[in-house]
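Colleague: Please take one part of this model and go through it closely. I would like the cut-offs stated along with the values, in one connected account.

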Amino acid sequence: MPSVEPGSLVVVTGVNGHLGSTTALRLLQKGYRVRGTVRSLRSAAYVKKEFAQFGTSFEIVEVPDIVAPDAFANAIKGASAIVHIASPVTLDAKKPEEQFVPAIDGTLNLLETARKEKGIKKVLFIGSIGSVIMTAKDPAKEIITSKDWNIYTEQLVNNPDDPLVGFHIYVGSKLAAEKAAWKFVEDNKVDFSLTVLLPAVVLGPIHKAITSPPRPDVSLGWLYDYIAEVPRKDGAPTAEITLFVHVYDVADLFVASLTSPEADGERIIALGEKSSYSAVADILFFFRLLHCDIPHLWSVLR
């Protein structure tokens with residue numbers, strides 16, 4: 001599939017989110033033009049101000065309902081590539097359809113519109129590392145790769161009594177949407193390639209508006225629990241069991257995929273390292289100290 005070179009127009013759905021805004025920034029820094037979609041123009045005011053330095057290279061369009069017929073028709077007109085990030089990100093759903101419907105139908109709606117827009121060369125899709133965990137392999141003895149698939153979540157989402165049902169529904173929605181995307185490409189004649197990124201928990205600099213404490217069921221909220229002025233939770237977990245990836249690394253993988261033929265038709269796991277929220281909180285605390293006065297810093301360190 002032809003490369004999408006700098007100067008081309010790339011559509012980023014959900015551009016006012018953490019990953020969406022960071023991806024837009026990295027694209028703009030590399031010389032791409034970016035058109036971001038949001039559900040409400042009002043929710044994009046901060047992002048628009050943040051990227052004002054890029055002038056006409058950055059624009060925003062409103063897509064109120066991603067499952068509405070032809071919802072993306074105007075948004076992708078004239079574009080060469082799409083980075084599809086917009087999807088529900090919560091862990092408090094009680095029923096699968098709360099997240100499965102917008103995740104699957106929104107993705108298929110976008111792909112159908114992209115199929116009709118002949119200028120689209122590449123579609124990059126954000127999945128989840130959850131789609132390659134809980135496989136038939138023993139992770140203590142075997143290596144998990146992008147060829148593996150989660151085989152348990154589809155059953156777990158149907159148990160409302162499971163205290164982790166919200167987590168399973170989120171992972172299940174990402175898994176089902178990804179499977180639907182691959183099937184669409186397989187069943188239809190399309191002129192674009194599909195690449196799926198499967199990131200771990202995404203943390204890093206924020207280029208979106210934060211007007212209130214982040215929800216406690218999203219990655220930024222999990223971290224906020226322990227580093228807020230008045231922590232929502234005491235004692236950050238010290239067990240190094242959480243898989244993290246830097247938001248810039250995920251965004252840079254998207255950017256690199258635009259000009260890499262090796263990325264076409266691939267699932268790419270985006271994983272930085274295994275760590276703990278305690279370790280992450282300690283790092284942030286230390287860097288906050290670097291911005292305080294030296295006597296205070298010395299009093300803490302000694």
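Modeller: Val185 counts as partly exposed because its relative accessible area is 21% (buried means under 20%, exposed over 50%, partly exposed in between, with a 1.4 Å probe and protein chains only). The model is predicted, so local features need pLDDT of at least 70 and side-chain atom pairs count only at pLDDT 80 or more, while totals for chains, interfaces and linings use all residues. Residues are numbered from 1 along each chain as its sequence is written, and side-chain values use heavy atoms, with hydrogens and water left out.

Val185 lies in helix α5; helices (H or I, at least four residues) and strands (E, at least two) are DSSP runs numbered from the N terminus. Leaving aside neighbours within four places in sequence, Val185 is in contact with Val190, Phe192 and Leu194, where contact means heavy atoms within 4.5 Å. Gly265 is 80 residues away from Val185 in sequence, and the two are 9.6 Å apart in space, C-alpha to C-alpha.

Now the packing of this helix. Two packed helices are described by the angle between their axes and the distance between the axes. For α3 (residues 97-116) and α5 (residues 165-187), the axes come within 8 Å and cross at roughly 25 degrees. Axes here are lines fitted to C-alpha atoms, for helices over the stretch in contact, and angles run from 0 to 180 degrees between N-to-C directions. α3 and α5 are therefore roughly parallel to each other (angles under 35 degrees count as roughly parallel, over 145 as roughly antiparallel, 65 to 115 as roughly perpendicular and the rest as oblique). Their crossing is right-handed; a crossing is left-handed if the near helix is turned anticlockwise from the far one by less than a right angle, and right-handed if clockwise.

On the α3 side, the residues that meet α5 include Phe100, Ile104, Leu108 and Leu111, along with Glu112 and Arg115. On the α5 side, they include Ile169, Gly172, Ala176, Ala180 and Phe184. Sorted by class, the contact of α3 with α5 has 12 nonpolar, 4 polar and 2 charged residues (Ala, Val, Leu, Ile, Met, Phe, Trp, Tyr, Cys and Pro count as nonpolar, Asp, Glu, Lys and Arg as charged, and the others, Gly among them, as polar).

The axes of α1 (residues 18-29) and α7 (residues 247-257) come within 9 Å and cross at roughly 55 degrees. That makes α1 oblique to α7. α1 passes α7 in a right-handed crossing. Among the residues that meet are Leu19, Thr22 and Arg26 in α1, and Tyr248, Ala251 and Phe254 in α7. The class count for this contact is 9 nonpolar, 3 polar and 2 charged residues.

Of its 302 residues, 47% count as buried. Among contacts between residues at least 6 apart in sequence, 74% join residues at least 24 apart. One example of separation in sequence elsewhere is Glu50, found in helix α2 (residues 45-50): Glu50 and Lys208 are 158 residues apart in sequence and 8.2 Å apart in space, C-alpha to C-alpha. Glu50 is at 29% relative accessibility and so counts as partly exposed.
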